[in-house]
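Please open the structure in a viewer and keep the selection tool at hand.

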Amino acid sequence: MFYFIADPSTYHRVHRKSTHAFATAPAVWERDELVLLAETRDQKRTLHKQVQFLAKILDIRAPKEGELELLFPGVGAADRWHYVVDLYWARPLPVPFNLQEVAGVDHAAFRTVQQFKRLADSEAMAVFEFLCERNSSVVLDFINRADPEDPAAR
C-alpha cells in the first residue's frame, strides 16, 4: 500500500484524471497496489482530512511528450516531474481521514512526505482494518469490482 500526496493545486486533477506525477519513481511497486491519495495539509483548515480518495496503480512510466503540461497545466509539471503514475478505480472515501487517526501507523514518519511513501505491511494492515470499519462500501467496491479493463475504472 502506498501513500501518495499532492498539493491542493493538483490534487483534484490527480483523482479526476486518475493520474499522478513524481520527480522520482518508487523502486518497488506492484500493478493493482492500493494507494491512499492524500492532499497536503492546509494549516488554515483545521478540520481538513488529508486522505480523501483510494485508487489502484495501473502503471508507472515515463511521460509522453507534452503529457505532463496537459495533465497539470500552470504548475511547471514538465520541469518538476519525470514519471507518470496511471491509476484506476479512484474512489472518494465517504469518511476521509488523517493517518494519525489510524492506530498502528507511525504517522510522524509521513509528516515530511513530499511525493510518496510505501506503508510497512503492519501499517497497511492497520489502514485496511480502519478502512473496513469507516469506509466499508469503498473497500467492498475494490474487492468486488475493481478491474483495470473496465471502462468505469478510469
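Select Thr 10, which touches Phe 72, Val 75 and Trp 81 when residues up to four places away in sequence are not counted; contact here means heavy atoms within 4.5 Å. This is a predicted model, in which local features need pLDDT of at least 70, side-chain atom pairs count only at pLDDT 80 or more, and totals for chains, interfaces and linings use all residues. Residues are numbered from 1 along each chain as its sequence is written, and side-chain values use heavy atoms, with hydrogens and water left out.

Thr 10 belongs to helix 1. Helices (H or I, at least four residues) and strands (E, at least two) are DSSP runs, numbered from the N terminus. With a relative accessible area of 6%, Thr 10 is buried. The term buried means under 20% relative accessible area, exposed means over 50%, and partly exposed lies in between (1.4 Å probe, protein chains only).

Ala 77 and Thr 10 are 67 residues apart along the chain, and their C-alpha atoms are separated by 9.9 Å. Is Ala 77 buried or exposed? Its relative accessibility is 0%, so Ala 77 counts as buried. Not counting residues up to four places away in sequence, Ala 77 touches Leu 68, Glu 69 and Phe 72.

**Second stop: Phe 4 and the aromatic rings**

Move to Phe 4 in strand 1. This residue is buried, with a relative accessible area of 0%. Which residues does Phe 4 touch, not counting those up to four places away in sequence? They are His 20, Phe 22, Val 35, Leu 36, Leu 37, Ala 38, Ile 57, Val 85, Leu 87, Gln 115 and Phe 116. A C-alpha to C-alpha distance of 18 Å separates Phe 4 from Val 95, and the two are 91 residues apart in sequence.

Now display the rings of Phe 2, Phe 4, Phe 22 and Phe 116, which form one aromatic cluster. Across the whole structure, a search finds nine aromatic pairs. Rings of Phe, Tyr and Trp (its six-membered ring) pair if their centres lie within 6.5 Å; planes under 30 degrees apart count as stacked, over 60 as edge-to-face and the rest as tilted.

A charge sits over a ring if NZ of Lys or CZ of Arg is within 6 Å of the ring centre and within 35 degrees of the ring normal. Then select Trp 89: the charged end of Arg 91 sits over its ring, 4.0 Å from the centre.

Select Ile 60 in strand 4 (residues 51-61). With a relative accessible area of 12%, Ile 60 is buried. Apart from neighbours within four places in sequence, Ile 60 is in contact with Ala 25, Pro 26, Trp 29, Val 84 and Val 85.

Go to Ser 18, in the loop between helix 1 (8-17) and strand 2 (19-22). Its phi is near 50 degrees, a positive value in a residue other than glycine. At 3% relative accessibility, Ser 18 counts as buried.

Then select Asp 32, in the loop between strand 2 and strand 3 (34-39). The phi of Asp 32 is near 75 degrees, again a positive value in a residue other than glycine. Asp 32 is partly exposed, its relative accessible area being 33%.

**Last stop: helix 4 and helix 5**

Finally, select helix 4 (residues 121-134) and helix 5 (residues 136-145), whose axes come within 5 Å and cross at roughly 115 degrees. Axes are lines fitted to C-alpha atoms, for helices over the stretch in contact, and angles run from 0 to 180 degrees between N-to-C directions. Helix 4 and helix 5 are therefore roughly perpendicular to each other; angles under 35 degrees count as roughly parallel, over 145 as roughly antiparallel, 65 to 115 as roughly perpendicular and the rest as oblique. The contact is made by Phe 128, Leu 131, Cys 132 and Arg 134 of helix 4 and by Ser 136, Val 139 and Ile 143 of helix 5.
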